[in-house]
Amino acid sequence: MNETPPALVSDSVAAVDLGSNSFHMVVGRVVDDTHFHIVDRLRERVALAAGLDEHNELTDKVQERALACLERFGQRLREIPEGRVRAVGTSAMRQASNAKAFLARAQAALGHSIEIIAGNEEARLIYLGVSHTLADDRGRRLVIDIGGGSTELIVGERFEPIRMDSLGMGCVGYSLRFFVDGKIRAEDFRRAEIAARLKLEPIERRYLEANWENCVGSSGTITAVDAILRANGWSDRGITASGLRQLKKALIAAGNTNKAASLAGVQADRAPVLPGGVAILLASFEALHIERMAVSTGSMREGLLYDLLGRIRHEDVRDQTIRQLCQRYNVDMAQAGRVERLALHCFDQVREAWGLDPALGQQLVGWAARLHEIGLSVAFSGYHKHSAYLVANSDMPGFSRADQELLAAMLLGQRKRLAREVFASLPNSEAELAKSLTICLRVALRLARSRSPTPQPPFTATARRGALELGFLPDWIDAHPLTFADLVEEAEKLREIGFELRVR
């Protein structure tokens with residue numbers, strides 16, 4: 001779980017992309033809090049997706065290669081504060097069954113936290129990065145990004161995505177699957193293109209009807225293809241369907257990826273994954289009736305930096321996501337506000353004793369309080385379970401998988417029996433954080449149960465490890481026997497997990 005960025009204390013921000021083919025790092029210098037200039041870039045081909053074995057586990061060999069790369073990146077990032085670096089893992093990390101174990105080692109090597117993001121979040125960040133490199137004109141555009149393990153498609157206007165999809169096809173996976181041992185034959189291309197068309201088929205109609213006016217491509221595959229077409233004189237203005245067909249013909253004539261590396265414009269480290277990427281690009285052109293694709297220098301890495309600037313300026317897309325979820329599920333915002341104020345009042349008094357990060361804790365408590373009743377849109381019975389399910393499984397722009405899992409655990413634990421299993425899927429450090437914040441949320445829910453607009457009287461919360469004592473005005477408890485009974489019941493439930501709650 002990433003901490004909230006601190007106030008602007010340095011003029012550097014950085015993004016790290018643990019891609020399925022290559023790892024990238026960019027460092028930017030912030031200009032007037034709204035823009036940045038890139039001052040450094042690093043790229044290493046790690047081939048993470050190629051290191052997935054038959055059980056979808058990252059092999060020891062690819063892990064060591066990745067960790068060595070991250071240690072080198074970490075040296076460059078050592079002087080940049082945690083809140084000004086955002087590192088994310090994408091398709092290969094999403095697929096890896098041993099991702100959590102690897103993630104702990106990767107974070108230690110990099111020296112910064114790393115998020116594994118969902119496909120739609122990857123698409124959002126790609127669009128953010130690409131749109132900032134284009135003219136700020138009106139009209140819809142289609143953006144396509146072919147990565148090592150997935151392909152993202154986005155239709156948007158100016159800086160706002162309208163439709164986003166992430167498909168499980170990438171240049172690494174398709175090259176390994178269809179161009180075995182580096183052989184390139186016409187039949188291999190035919191099978192790869194058909195497979196890509198099958199992936200595109202469910203969304204094809206919606207994109208054809210989206211009324212986009214121009215197409216833009218990003219990513220290593222697309223910039224590499226653009227360079228090859230220009231170097232061979234097959235296109236001098238972006239990527240065209242005829243240029244792609246000439247490239248396909250040249251690759252088949254080469255016969256294998258080693259010989260393909262000698263084609264003009266082909267980089268040696270790109271050759272092994274070039275056929276799979278070209279097949280996906282050809283299928284995309286055919287399925288979506290693309291005539292010409294412009295090529296953007298922007299990518300997810302730049303999108304990460306712009307997203308980071310938004311957080312620093314307190315224009316966090318995650319807050320917008322929470323608002324939209326509340327609207328979608330018709331949340332009673334007055335009640336959510338009451339719960340949030342009470343939970344934050346409790347948190348502010350216990351955070352020091354429990355060693356909780358103030359900014360991070362305030363964010364999580366606030367988000368959980370606002371979302372705690374979204375499950376009522378499904379049913380009152382077990383609504384905490386429905387709330388947790390919706391948060392765990394919804395597309396939530398700005399949130400990583402880890403963010404959503406932590407919030408879902410808090411919502412699952414907000415009422416009824418607080419079983420230890422609620423936090424079992426979280427890493428130990430996050431499990432303790434989630435449990436502490438959930439207790440603050442549960443106390444607030446008990447105190448706000450009447451849903452009365454009358455402000456609750458101030459209370460004190462005195463904490464020590466494994467214990468919390470709530471103090472009220474002398475005559476308040478006598479005047480509110482139902483609330484007192486609620487708190488006594490809460491104390492009994494918390495006792496089951498070895499936590500002591502006292503009321504005086």
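Trainee: Which residues of helix 1 are buried?
Mentor: This is a predicted model: local features need pLDDT of at least 70, side-chain atom pairs count only at pLDDT 80 or more, and totals for chains, interfaces and linings use all residues. Residues are numbered from 1 along each chain as its sequence is written, and side-chain values use heavy atoms, with hydrogens and water left out. Buried means under 20% relative accessible area, exposed over 50%, and partly exposed in between (1.4 Å probe, protein chains only). In helix 1, the buried residues are Val 62, Gln 63, Ala 66, Leu 67, Cys 69, Leu 70, Phe 73, Gly 74 and Leu 77.

Trainee: Against which elements do the buried residues of helix 1 pack?
Mentor: Helices (H or I, at least four residues) and strands (E, at least two) are DSSP runs, numbered from the N terminus. Contact means heavy atoms within 4.5 Å. The partners of helix 1 are strand 1 (12-18), strand 2 (22-31), strand 3 (35-45), strand 4 (85-89) and helix 3 (99-110).

Trainee: Against which helices do the buried residues of helix 15 pack?
Mentor: Helix 15 covers residues 383-393, and its buried residues include Tyr 383, His 384 and Leu 390. On the other side of helix 15, Lys 385 and Tyr 389 are exposed. The buried residues pack against helix 14 (358-371) and helix 16 (401-412).

Trainee: Is Thr 438 buried or exposed?
Mentor: Thr 438 is placed in helix 17 (residues 428-447). Leaving out residues up to four places away in sequence, Thr 438 touches Met 410, Gly 413, Gln 414, Leu 418 and Phe 423. With a relative accessible area of 0%, Thr 438 is buried.

Trainee: Over which residues does pLDDT stay under 50?
Mentor: pLDDT is the predictor's confidence in each residue, from 0 to 100. The chain averages a pLDDT of 92. Where pLDDT is low, the predicted coordinates should not be read in detail. The stretch with pLDDT under 50 is residues 2-9.
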